[in-house]
Amino acid sequence: MALDTEMITVQEVKDIAIVNSNLDTAYIDQYILYSQRFYIRKFLGNDFYEELLDQIENATLTTDNTNILVYIKNALAHYIVYESLPQVRNQIAKGGV
């Protein structure tokens with residue numbers, strides 16, 4: 001079981017949830033695991049959450065879980081952006097925008 005496996009990549013977060021993708025990926029990357037643990041784990045339950053992580057890590061996703069993961073990634077991407085907004089705002093403020 002790999003509880004440190006990420007369900008989504010930074011590039012997928014940028015493609016799904018961020019219109020202007022000129023943000024530093026470090027601000028997004030640090031919230032992926034936190035967001036999936038805090039929001040997605042509660043929603044899916046521990047057993048199914050851990051099953052998905054195992055299948056993602058071992059590249060053995062079933063067809064049903066692959067289809068479900070599309071919807072999970074859409075929600076997760078927005079949760080990650082929501083959690084990273086304070087850091088992103090500081091980056092924008094420092095840039096003089």
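Colleague: How many helices and strands does the chain have?
Modeller: Five helices and zero strands, where a helix is a DSSP run of H or I with at least four residues, a strand is a run of E with at least two, and numbering starts from the N terminus. This is a predicted model, in which local features need pLDDT of at least 70, side-chain atom pairs count only at pLDDT 80 or more, and totals for chains, interfaces and linings use all residues. Residues are numbered from 1 along each chain as its sequence is written, and side-chain values use heavy atoms, with hydrogens and water left out.

Colleague: What share of the residues counts as buried?
Modeller: Of the 97 residues, 34%. Buried means under 20% relative accessible area, exposed over 50%, and partly exposed in between, with a 1.4 Å probe and protein chains only.

Colleague: Which residues of α1 are buried?
Modeller: In helix α1, residues 10-17, they are V10, V13 and K14. Down the helix axis these buried residues fall within an arc of 95 degrees, so they line one face of α1. The arc is taken from the directions from the helix axis to the C-beta atoms.

Colleague: Salt bridges, then. How many does the structure hold?
Modeller: Two, counting a side-chain nitrogen of Lys or Arg within 4 Å of a carboxyl oxygen of Asp or Glu. E12 pairs with K73 at 2.9 Å, N to O. E12 is in helix α1 and K73 in helix α5, so the pair ties together parts that are 61 residues apart in sequence. R41 and E50 form a salt bridge at 3.2 Å, N to O.

Colleague: What about E83, where is it?
Modeller: In helix α5, residues 63-94. E83 is buried and has no salt bridge; K42, the nearest side chain of opposite charge, is 9.5 Å away. For charge, Lys and Arg count as positive and Asp and Glu as negative, while His and the chain ends are not counted.

Colleague: Which side chain does E83 have a polar contact with?
Modeller: Y39, at 2.5 Å. A polar contact is a pair of N or O atoms within 3.5 Å; within protein, one must be able to donate a hydrogen and the other to accept it, and residues adjacent in sequence count only if both atoms are side-chain atoms. Leaving aside neighbours within four places in sequence, E83 is in contact with Y31, Y34, S35 and Y39, contact meaning heavy atoms within 4.5 Å.
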